[in-house]
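Please examine the sequence and the structure shown below before reading on. The briefing that follows is arranged by topic.

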Amino acid sequence: MKLKFLILIVTLCWGVSSQAQQLPIVKYDIDKVTAKWNDMEARLTIDADYPDGNTPAARTLQRWLYELFTSRNFHGQILTGKQLMARVEADFIEANPIEEMKKFAEDGAEEGNWFFNYRVKKEFESSRIASFTYSWDAYQVGNATSNANIIDISVCKTDGRILGWEMFNSVQHLKKLLDKQLVEKFGEEGADLYLKGTPPMPRAPLFLKDGVRFDFGDYTINIPHVYEETGEYPYAFLEYADIEHLLTDEAKALLGLSGQTPSLNEPEPASDPNVNAELFRIYLKSWDDLHNLHQNDDFKFEYAPNVDFYGMKMTREKVQESKVAFLQKTPDYEQVSYRLKATKTDASHVRCDFLKRTIAQGKSRVYPSYLIYVTEDNGTSWKIERESDQVTDKNLEMKFRANEGRDKLAWSMLSAAEIHE
């Protein structure tokens, strides 16, 4: 048990301290013929920068790539890059391209090679954000059928949130600039062919060193003449100097365009000097991991025998049941806690205040949260005695006041009735 705890400490300390460092990247370069039939073959290629590690940004990117590569919803699986590449290859073989080749030959085709190419590229990384591009294309020799897709993502390295259109003050004004550039770049005819009239917005902006790239992802290669002439994906690029007025203050801070510090990247508030804040940061990270890895059987080890759980008195067994039920109901749930402030409230209690960002059912929220830890062995180990957040506490306070008001009114009416009797 001691060895396990020591390994956990080393791992979690590395995860906390590495948030501002460069993401560890594992490079995968795969080129395999996975199926052959007569003179035809199916070939799979993967050229991927895979973000390894367990930082918030890495976890977001791993989840993103898992869903793109496998076409499956993420349900808490933690896969290394090697495991993900093996799964992609297995899916490719399971698709049974040999049957497709046979059908292709029955139609009189003499060639029918299938090429499926996946690419993941780290486009940019600073101390605050990381930007990646995923692209996929497939084509069949002899059938002149090709299609492709490109998807972008930029994440905040502090908490792993995806940076999207909320970074701009006005998406409508931004769209006008994009429409204008696309027409200038491809011409009226090219823009119409590519984007079928009024250019739509791409899935997400890609934040780079000098500006923002907007990739228009879904397209078919052999239809629009623009790709045949230029060999380029349809995209627009706007320099920060031209769109700074459209960026929010937090976006400017994240991108290093102002002297301000973004709110989510502010240094953690100072903890009580009488508290070992690093120890409670490790406890907090372990608590996060139980939720993210859906380790349902281990929650009871984190809690004291009796717990104040969001205003309800529970045994730790009941807390365990509540956690299990919630995670089963919300299989995509993830959370990351940051900006810890640890305060010693008495000889046996430490309160940990922090921000908790959650992802559930595709939505991201931030809660000012806290845990109160208790020790019964003079600080050798600590257990959670209270778990809640400021939103819940405020609602409970309002409910209490409302009930208290009704109780006072009922008592006044009863007293008046007694007097009149």
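**Helix H2 and its surroundings**

Helix H2 is followed by serine 71, whose phi is positive, near 60 degrees. The model is a predicted one, in which local features need pLDDT of at least 70 and side-chain atom pairs count only at pLDDT 80 or more, while totals for chains, interfaces and linings use all residues. Residues are numbered from 1 along each chain as its sequence is written, and side-chain values use heavy atoms, with hydrogens and water left out.

- Helices (H or I, at least four residues) and strands (E, at least two) are DSSP runs, numbered from the N terminus.
- Helix H2 covers residues 56-70 and has 15 residues. From its first C-alpha to its last, H2 reaches 21 Å, close to the 21 Å expected at 1.5 Å a residue; the expected span is 1.5 Å times one less than the number of residues.
- Of the 15 residues of H2, 13 are buried, and the helix is thus mostly covered. Buried means under 20% relative accessible area, exposed over 50%, and partly exposed in between (1.4 Å probe, protein chains only).
- Proline 51 lies in strand S2 (residues 40-51). Because its relative accessible area is 0%, proline 51 is buried.
- Proline 51 and leucine 61 are 10 residues apart in sequence, and their C-alpha atoms are 6.8 Å apart in space.

**The sheet S6-S7-S8**

- An open sheet of 3 strands has the order S6-S7-S8, with antiparallel pairing. Its edge strands are S6 (206-207) and S8, each of which pairs on one side only.
- Strands of a sheet pair through backbone hydrogen bonds, either parallel or antiparallel. Two strands count as paired if DSSP finds at least two bridges between them.
- Strands S7 (residues 211-215) and S8 run antiparallel and are joined by 5 bridges. Arginine 213 stands opposite phenylalanine 237 in S8, and phenylalanine 214 stands opposite alanine 236 in S8.
- Along S8 (residues 235-239) the side chains alternate.

**Two residues with positive phi**

- Most residues other than glycine have a negative phi, and most peptide bonds are trans.
- Tyrosine 310 is not a glycine, yet has a positive phi of about 50 degrees. Tyrosine 310 is placed in the loop between strand S9 (303-309) and strand S10 (312-315).
- Asparagine 378, also a residue other than glycine, has a positive phi near 60 degrees. Asparagine 378 is found in the loop between S13 and S14.
- Is tyrosine 310 buried or exposed? Tyrosine 310 counts as buried because its relative accessibility is 19%.
- Asparagine 378 is exposed, because its relative accessible area is 79%.

**The second largest pocket**

- On a 1 Å grid over the protein atoms alone, a cavity is a set of points where a 1.4 Å probe fits but cannot get out, and a pocket is an open set with protein on both sides within 12 Å along at least five of seven lines; lining residues have an atom within 4 Å of a point.
- The second largest pocket has a volume of about 520 Å³. Grid points are joined across faces, edges and corners, and a volume is the space filled by probe spheres set on the points.
- The second largest pocket is lined by 20 residues, of which Tyr310, Phe326, Tyr333, Lys356 and Tyr367 are the closest to its centre.
- Helix H10 (316-329), strand S12 (349-360), strand S13 (363-374) and strand S14 (383-389) each supply at least two residues of this lining. H10 gives the most, with 4 residues.
- The lining of this pocket divides into 6 nonpolar, 7 polar and 7 charged residues. Ala, Val, Leu, Ile, Met, Phe, Trp, Tyr, Cys and Pro count as nonpolar, Asp, Glu, Lys and Arg as charged, and the others, Gly among them, as polar.

**Cavities**

- The count comes to 2 cavities of 30 Å³ or more. The second largest cavity has a volume of about 100 Å³.
- The second largest cavity is lined by 13 residues, and Asp159, Glu334, Gln335, Val336 and Ile359 lie nearest its centre. The elements that give two or more residues to this lining are H2, strand S11 (334-346) and S12.
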